[in-house]
Amino acid sequence: MPAAIPEVRDRTEVGRFPTVTFPFVENVEVEKEETVEDEKTEEGACRRWLRKACPCCYKQPSDDDLTETVVTGTDEPEKEEETNGEGNLNELLLKVRSIDLMKSKTGENLVEHHTNLYQSDNFIIRRGQTFQMWITLSRPFDPQTDELHLELKTGFLPAVSNGTHVIVPLVEELEDGRWEAAIVKQEDRKLRLSVNSPPTAVIGRYQLTIVTNSANGRDTSAHDPANDIYLLFNPWCEDDPVFMDSEEERKEYVLNDVGRIYYGTQQQIGARTWDYGQFDNGILAACLFLLEKSQTPNSGWGDPINVARIISAMVNSPDDLGVVEGNWSGEYSLGTSPTVWSGSMEILQAYHKSKGTPVKFGQCWVFAGVCTTILRCFGIPARTVTNFSSAHDTDVSLTTDVYLDENFEPITHLNTDSIWNFHVWTDCWMARPDLPHGNGGWQTVDATPQETSQGTFRCGPASLTAVRNGQVFLKHDTTFVFAEVNSDKIYWQKNKDGTFSQIYSEKNIVGHYISTKAVGSDERNDITHLYKHPEGSEEERIAVETACSYGSKAAAYSPPTAEDVTLEVIMEGDGPKMGADAELTIRLKNSSSEQRTVTLHSQLAVMYYTGVHKATVKKDKADLELLPNEENDLTWVLEYKVYKDQLIDQAALMLTLSGRVRETQQVLATQFSFRLRTPDLVIKPIGEAVVGKEMAVEIHFTNPLPQVLKAVIFHIEGIGLLPGKKIEFGDIAKHASISFKQHFVPSLPGLRKLLASLDCKQLTQVHGVRDINVEDKSSVAS
């Protein structure tokens, strides 16, 4: 019978009767010759089978019904679905025709979830908060007979047991803290759903499908990548561990896509602007790619402690091929010099595009800037922090040890501990239910690969409260962070028998002017008090003693020493400039009523900013007499010709002074780090700044050196202004001033920052920033 033939081709679509066969298929050509009258008296084979299987649903068809199922041989579209029993079944099934996630940037979903700044067409929301959606069905939904639920899947092996396969039931009324959906409006075949997620849900990309069930069968909508849901942490939700109760702080630490990073020395603090760009196109995808590449279980991505620890490991590259490859050698010809980068977007986009090839090169501020971008992108409040005179403890002693020979010369191969001029890391905000009460709040996460933690180059999150109180036994990596900000510096001198004796200690050397960008402004905010008690206070000494009792040199404290001679290094103003002679003052003071004779050794070394020694460029020795209660200032000078061919990267220098008072055998020792200041780039806008309209800036620079700068490269970028661009400028003559123009078309309105930097072998760490207020087209037209 012709009316039943099409079911042979499509019978697998029914899905519930895969073994049904039709013995008459081979006689199709013969059956086509039967008369129309015979066709009217025959019933479809599939329909006969269904009627026998379920007589209550499929009764004996009437003549009218039989007439409607006849295949007439015409191409009328309204009759096409009626040529098989399956068509009738499809008509009775409840199916999803379309899904509308209401993705408008100005709509309630993205605005209320504070995700409307993401430059993406994806549906990005935050956990622990409801969102709205429309679904269109094949027929009106009947709550008495129809059922419906949502299914969300994330990760490679989604499972209901670990929260990566979520079944969202339809309920009468939503309750907080669980996956649920409720119908809030019905318009014929359209349903508006309000969907809720728990504040502990796994973050990431979820595939959405909708399952319907009715008396006539079950149906699951096809997965459409356009309807994937990107779920983030929610610092606006009180029950989310990353909740932050200050709106001003949330605006700064989650929503601000531009920041300030500090560098230099404690006497010469410099600042540079950094584009975090967490909302830039493709950044969220790159950040999720990073989590996937970590090969950690998706089920752990709901815990911000775990996610922060993963990010700390994956931003660096030594053991997991993470985002940035570190390089402190001064040789960057195979990549980009760390001082050239002005933001995170270029780095993350390049890493994602290359499918996980580490980007060359970075140093601490680059690792920290990228880390802050990723944390903010995921919704974890984060800030970039700089610690000046930052210790690097290599032997878990919680002290910074300096070894000297019999002549007070540093023993280089033993001095593995170091004090970096500055070190940059990231603080992130979260509860710490895994630690004793009171240790939540700011946590240090350090992505720079220094020491391993549980076999991987990562650090943190370490509670600032635990660091401040010396509770180094609390996880994660609190010991290392404590040593960075509050370790004592102990000097050891080699004895004739090869042993070492402790000869001096300095207690106020490490951890100064710990800095981050202030909330709501570009000012520097000193947060040292969050990391340590006031230097020298009883609380601070108790914290140090508590911490050191867990270190490898618990008894390494200096014996009492008669100290009536003091030694101090003083720098005037902002310090020496690059290209000129450097001048410092060494102040010796005798506070006794007797004469003192001092033998003083001085040594100047060119240093990496990490505190690693590169080369010694100057040595001196002097015998000095101090009258009773005399204060003597000595002028110390370093000529440009002495250091010009030795400088690297940060132009960092360290003056080491050591000596002994002949009358009392008192030991004097101190180290003073400083840098040679570089000039800024001056940026001047030309023309009005309007979205979609070309404008230009003029960049000015003066070479401070009495030598030619060769192969100079400028790097320019700005969120909403122009993507990162390198300009190969060429050579700049000694003491010459140059300028050039750069044209671009702003793409976003509002106050924007244009960043520029200069890089060449002879001079680094030269940069500039300019605020540009971009007007919208509509406001200009009106």
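F408 is buried, with a relative accessible area of 11% (buried means under 20% relative accessible area, exposed over 50%, partly exposed in between, with a 1.4 Å probe and protein chains only). Its phi is positive, about 65°, although F408 is not a glycine. You'll find F408 in the loop between β16 (399-404) and β17 (418-430); strands (E, at least two residues) and helices (H or I, at least four) are DSSP runs, numbered from the N terminus.

A word on the model: it is predicted, so local features need pLDDT of at least 70 and side-chain atom pairs count only at pLDDT 80 or more, while totals for chains, interfaces and linings use all residues. Residues are numbered from 1 along each chain as its sequence is written, and side-chain values use heavy atoms, with hydrogens and water left out.

Q765 also has a positive phi, near 60°, in a residue other than glycine. Q765 sits in the loop between β38 and β39 and is buried, with a relative accessible area of 5%.

Those two strands belong to an open, antiparallel sheet of 4 strands, in the order β36-β35-β38-β39 (two strands pair if DSSP finds at least two bridges between them). β36 (722-732) and β39 (766-774) are at the edges with a single partner strand each, so one side of each has no neighbour in the sheet. β38 (residues 750-759) and β39 run antiparallel, joined by 9 bridges. In one of them, L758 is partnered by V766 of β39.

Now the aromatics. Rings of Phe, Tyr and Trp (its six-membered ring) pair if their centres lie within 6.5 Å; planes under 30 degrees apart count as stacked, over 60 as edge-to-face and the rest as tilted. That rule gives 20 aromatic pairs, among them these two:

| Pair | Centre distance | Plane angle | Type |
|---|---|---|---|
| F123 and F131 | 5.5 Å | 65° | edge-to-face |
| Y491 and Y504 | 5.8 Å | 45° | tilted |

Y491 lies in β22 (residues 488-494) and Y504 in β23 (residues 500-506), so this pair ties together parts 13 residues apart in sequence. Both tyrosines, Y491 and Y504, are buried. F123 is buried at 0% relative accessibility, and F131 is buried at 1%.

Ring pairs also link Y253, W429 and W442 into a cluster. What sits over the ring of W442? The charged end of R383 does, 3.8 Å from the ring centre (the rule asks for NZ of Lys or CZ of Arg within 6 Å of the ring centre and within 35 degrees of the ring normal). The charged end of K190 sits over the ring of W134, 4.9 Å from its centre.
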